[in-house]
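Hi,

Here is the structure I promised to pass on. My notes on the ligand site and the packing follow below it.

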Amino acid sequence: MKTLTVLGSTGSIGTNTLDIVRRSRHQYRVYALAAGRNADTLASQVLEFRPQVAVVATSDGLARLAERLHAAGLPREEWPELLCGDAALVQIAVADGVDTVISAIVGVAGLEATYEAVCRGKRVGLANKEVLVSGGKLVMEAVRQHKAELIPVDSEHNGAHQCLRAGNRSQVTRLILTASGGPFRNTPKEALAYVTPQQALNHPTWRMGNRITIDCATLMNKGFEVIEACWLFGFAPSEVDVVIHPQSTVHAMIEYSDGSVLAQISATDMRMPIQYALTYPDRREAPVPKINWAEARTLEFLAPDFQKFPLLTLAYQCQETGGSATCTLNAADEIAVEAFLQGKIGYLTIHEIVAETLSKMPVRWPRTIGDVLEIDRESRALARELTLAHAGAITA
Ligand SMILES: NC(=O)c1ccc[n+]([C@@H]2O[C@H](COP(=O)([O-])OP(=O)(O)OC[C@H]3O[C@@H](n4cnc5c(N)ncnc54)[C@H](OP(=O)(O)O)[C@@H]3O)[C@@H](O)[C@H]2O)c1
């Protein structure tokens, strides 16, 4: 039986993780659940999964969670320990007896706890891509030093992880990551200035949290995945290709030195990669549809339009630059996406803010996770200033 901590239990990855647990109760025990602000969902998860600890981001959230548990009639002696804040996230990630941590918080809020879990040699099912985008060098050094298992949950990296099991890493020449192309794949470049958050949130193949969905619409998400892949599998950016594959059926491909290409194919359902991260190296029956090969289907592969989606280019450049460049890239994008979702800036301004922040933030070489978080804070502050200037320009 595996004992789990789920960081980000109320989100899209978190709820899918708990669905896997729900279907295989005899295989998993939930030690702790952590969420941000959604006390309602967390309370119902507490009632169903009975963790020993439940964590929320703030003390207000804690009060709301206690209220919900009280209203649900859960006797006090059956309540989990209720905690809040970053230190509590670390506490549940490193707790003795926890063997697997699912890292599914969105943003750098999940970085420290994930890093500390790695430092305790735990298995980490990694969905939170900001962990490697912001702190990739330090996290991967810790993985090696503490012999932790970092199993990617992101479907593309999970697919690559599967393909890499078939051969010798030294004979791999290329990783190909697929991208659906997002909702604006066929939208003319000139029309992008007018697209709305609602249009950008309408992802053609996946249902995910808001930030990652907007990042898919700008291809920033694919850029983050290039960075993540470089850290996870030891590729240079030039060895990682992106291809547009609107059907999202092939998740990743690995090219070997003899020109043979292995592809990982499965339904667009995150429960498969989540379960893989839990059961690796075993495979078990997963609650996802199987592909019916008797049905006629078309699988298309196209080159991405780097002119139309310049954030993808920026991601390659930042990974080549190294140091804090990718941390700043992520921080600036998060602020710009938030402003876009709030209707304060237009779609094209997301790239402008990110590029401007990168040009103004000097590249540094963080030596601790604290350094990374400081650079993240400074980058955000700068991106916020730039966002205000742009938003002011729109309303003026
Ligand atoms: N969804 C996917 O299919 C998918 C695929 C690949 C990778 N990912 C990556 O996985 C991560 C999660 O994505 P998602 O789509 O599941 O996002 P999501 O639906 O927005 O969920 C994010 C989770 O993080 C929690 N959270 C936010 N701030 C927190 C804080 N300060 N402390 C504790 N918890 C906090 C949220 O809690 P509340 O909701 O309670 O505020 C929620 O549980 C992202 O990094 C994303 O890029 C997702």
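Ile13 has a backbone N or O atom 2.9 Å from an oxygen atom of the ligand, a polar contact in the sense of an N or O pair within 3.5 Å. Ser12 also places a backbone N or O atom 2.9 Å from a ligand oxygen, and for Gly8 the distance is 3.3 Å. The protein covers 84% of the 910 Å² of accessible area that the ligand has on its own (Shrake-Rupley, 1.4 Å probe). Around the ligand there are 24 residues, with Thr10, Gly36, Arg37, Asn38 and Glu130 coming nearest (a heavy atom within 4 Å puts a residue in this set).

Before you go further: this is a predicted model, with local features needing pLDDT of at least 70, side-chain atom pairs counting only at pLDDT 80 or more, and totals for chains, interfaces and linings using all residues. Numbering starts from 1 along each chain as its sequence is written, and side-chain values use heavy atoms, without hydrogens or water.

As for the packing, the largest nonpolar core has 96 residues, and Leu150, Leu175, Ile254 and Leu329 have the most contacts inside it (a core joins buried Ala, Val, Leu, Ile, Met, Phe, Trp, Tyr and Cys through side-chain atoms within 4.5 Å; buried is under 20% relative accessible area, 1.4 Å probe, protein chains only). Helix α13 (residues 325-341) gives the most to this core, 9 residues (helices are DSSP H or I runs of at least four residues). Leaving aside neighbours within four places in sequence, Leu329 touches Met220, Phe224 and Ile227, among others (contact: heavy atoms within 4.5 Å).

Cheers

Technical notes. Buried means under 20% relative accessible area, exposed over 50%, partly exposed in between (1.4 Å probe, protein chains only). Helices (H or I, at least four residues) and strands (E, at least two) are DSSP runs, numbered from the N terminus. A polar contact is a pair of N or O atoms within 3.5 Å; within protein, one must be able to donate a hydrogen and the other to accept it, and residues adjacent in sequence count only if both atoms are side-chain atoms.
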